[in-house]
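This report is a short tour for someone opening the structure for the first time. It goes from the whole chain down to single residues.

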Amino acid sequence: MSDEKRICGKCENEITGKYITAMDKTWCDGHFTCAGEDCDSNLEGTPFYEREEKPFCKDCFAKKFANVCNGCKEPIVGKTVTAMKTTWHTDCFVCKECKKPLQGKPFFEKNGEPWCQEDFEKSRGFMCKSCGKCIGATEKVVTAMDAKFHQGCFNCANCKEDFGGKSFYVKNGEPWCEKCSN
Ligand SMILES: [Zn+2]
Ligand SMILES: [Zn+2]
Ligand SMILES: [Zn+2]
Ligand SMILES: [Zn+2]
Ligand SMILES: [Zn+2]
Ligand SMILES: [Zn+2]
């Protein structure tokens, strides 16, 4: 015990009895409380956030200073990712499906959640009826005959010619151009 006076970080009185040490300061027992207006919750032994040398409970800190992460709903202290018109912890902005970080990568939004390109394409399940391959999220899709096609794959099943916006005929479940269908 030193002879130094202990001053409470809140009431600024000299502490004579029990005290708490936090944020490099001392506090009367029961005075280490949230500095938020109308709050005063006791922060002893609970997680708190520091700003301007004052302690805040999570709610007050979030209300006053921080963006709230759309992923975990906790206030963001430190690096923030802004995406989908909201904010995220770097670690929380991950693909809904594979949980890989998406920061700085192309991503797609579905039901308010971010997806990596690969999982988004898989989840969308757009398979080209012609070539049988997945239609990428950035590729143009042609919908015809209750099926989906790559734009470049939607052509005559017989002569492979592009319909070029002209009408086509369905033969054996495949699109045929006018010439071939005659
Ligand atoms: Zn005090
Ligand atoms: Zn508070
Ligand atoms: Zn988060
Ligand atoms: Zn993914
Ligand atoms: Zn295709
Ligand atoms: Zn044809």
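## Overall form

Of the 182 residues in this protein, 24% are buried. The model is predicted. It contains three helices and 12 strands. Its radius of gyration is 31 Å, while the globule rule gives 16 Å for 182 residues; the protein is therefore more spread out than a compact globule.

Along the principal axes it is roughly 105 × 30 × 20 Å.

## Three domains

The domain assignment divides the protein into three parts. Domain 1 covers 19–64, domain 2 covers 80–123 and domain 3 covers 126–181. The centres of domain 1 and domain 3, taken over C-alpha atoms, are 65 Å apart.

## The nonpolar cores

Which residues touch the most other members of the largest nonpolar core? They are Cys34, Phe56, Cys57, Phe61, Leu102 and Cys116, in a core of 26 residues. Strand 2 (25–28), helix 1 (58–64) and strand 8 (113–116) each supply at least two residues of this core. Helix 1 gives the largest share, three residues. Domain 1 (19–64) and domain 2 (80–123) both contribute residues, so this core lies between them. In soluble globular proteins, nonpolar side chains tend to be buried together.

Neighbours within four places in sequence are left aside here. Leu102 is then in contact with Phe93, Val94, Cys95, Phe107, Pro114 and Cys116. There is also a second, separate core of five residues. Its members include Cys128, Ile135, Phe149 and Phe154.

## A hairpin in detail

Strand 7 (residues 107–110) and strand 8 run antiparallel, and four bridges join them. Which residue of strand 8 is the bridge partner of Phe107? The partner is Cys116. Both Phe107 and Cys116 are also among the contacts of Leu102. Lys110 has Glu113 of strand 8 as its bridge partner.

The two strands form a hairpin, with two residues between them. Asn111 sits in the turn, and its phi is positive, about 50 degrees.

## Two lysines with positive phi

Lys73 is not a glycine, yet its phi is positive, about 65 degrees. It lies in the loop between helix 1 and strand 5 (80–83). Is Lys73 buried or exposed? Lys73 is exposed, because 9 other C-beta atoms lie within 10 Å, and the cut-off for exposed is 12 or fewer.

Lys85 also has a positive phi, near 60 degrees, and is a residue other than glycine. Lys85 is placed in the loop between strand 5 and strand 6. Lys85 counts as exposed because it has 8 C-beta neighbours inside 10 Å.

Thr46 is in the loop between strand 2 and strand 3 (49–51). With 12 C-beta neighbours inside 10 Å, Thr46 counts as exposed. Follow the chain for 11 residues from Thr46 to reach Cys57; the C-alpha atoms of the two are separated by 8.4 Å. Cys57 is one of the residues listed above for the largest core.

Asp91 is in the loop between strand 6 (86–89) and strand 7. How many other C-beta atoms lie within 10 Å of Asp91? There are 13, so Asp91 is partly exposed. Asp91 and Cys34 are 57 residues apart in sequence, and their C-alpha atoms are 27 Å apart in space.

Ala147 belongs to strand 10 (residues 147–150). Ala147 is partly exposed, because 15 other C-beta atoms lie within 10 Å. From Ala147 to Met84 the distance is 30 Å, C-alpha to C-alpha. In sequence, Ala147 and Met84 are 63 residues apart.

Note on methods:
Residues numbered from 1 in each chain as written. Chains lettered and ligands numbered in written order. Predicted model: local features only at pLDDT ≥ 70, side-chain atom pairs only at ≥ 80, totals over all residues. Rg over C-alpha atoms; globule rule 2.2 N^0.38 Å. Buried ≥ 20, exposed ≤ 12 C-beta atoms within 10 Å, placed from the backbone. Domains from an automatic or database assignment. Core = buried A, V, L, I, M, F, W, Y, C linked by C-beta atoms within 7 Å. Contact = placed C-beta atoms within 7 Å. Pairing = 2+ DSSP bridges.
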